[in-house]
Amino acid sequence: DALYAEAEAVYRKFLAEDERIFRQGGVSEPTPTLLDTATGAFLEDSMELYRTLKTEDRRLVGGEMKLVSLVRAPGITKEASLVSLRSCVDARSASVVVKGKNAGHGYQVEDLLYFGRVGGGLKILGADGKGDSECAGS
């Protein structure tokens with residue numbers, strides 16, 4: 001259905017920007033792509049993480065940030081959301097570097113993402129995530 005296809009496109013665009021930001025070591029202010037794909041609590045939480053990356057001089061190096069799965073989650077909504085997706089991202093092949101020193105491997109995270117219509121387009125409103133856990137079915 002068109003709503004899910006739009007949500008998938010928004011998430012893939014967000015994820016590419018998320019990886020770019022992790023690899024550059026964070027940002028202080030939301031990028032145009034972040035503002036285009038995320039809003040509300042999700043954007044605030046993402047920015048808190050990105051600012052921490054910058055403050056701690058923490059970045060992702062090498063390996064890949066792989067989208068293992070992205071599946072529709074029909075019937076699950078939260079607040080003003082219209083559609084939900086469940087994602088699994090695996091960045092364990094990458095290294096986390098803090099102040100130039102290797103601090104271990106990347107992470108794997110499973111998220112339940114909530115999308116809502118904002119200003120004519122879908123944006124990610126929120127997510128319930130489990131960090132460094134095995135994603136269902138992976």
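Helices (H or I, at least four residues) and strands (E, at least two) are DSSP runs, numbered from the N terminus. The model is predicted: local features need pLDDT of at least 70, side-chain atom pairs count only at pLDDT 80 or more, and totals for chains, interfaces and linings use all residues. Residues are numbered from 1 along each chain as its sequence is written, and side-chain values use heavy atoms, with hydrogens and water left out.

Select helix α1, residues 2–24, which holds both E19 and R23, four residues apart, about one turn of the helix. Their side chains meet in a salt bridge (2.9 Å, N to O); the term denotes a side-chain nitrogen of Lys or Arg within 4 Å of a carboxyl oxygen of Asp or Glu. The structure holds ten salt bridges. E19, at 21% relative accessibility, is partly exposed, as is R23 at 25% (buried is under 20% relative accessible area, exposed over 50%, partly exposed in between; 1.4 Å probe, protein chains only).

Turn next to the open sheet, where three strands run in the order β1-β4-β5 with antiparallel pairing (two strands pair if DSSP finds at least two bridges between them). Its edge strands, each pairing on one side only, are β1 (58–61) and β5 (101–105). Select β4, residues 95–98, which is joined to β5 by three bridges; S95 has H105 as its bridge partner in β5.

Finally, select two further salt bridges. R58 meets E56 at 3.1 Å, N to O; R58 is partly exposed at 30%, and E56 at 32%. R92 pairs with D90, their closest N and O atoms 2.8 Å apart. Here R92 is partly exposed at 35%, whereas D90 is buried at 14%.
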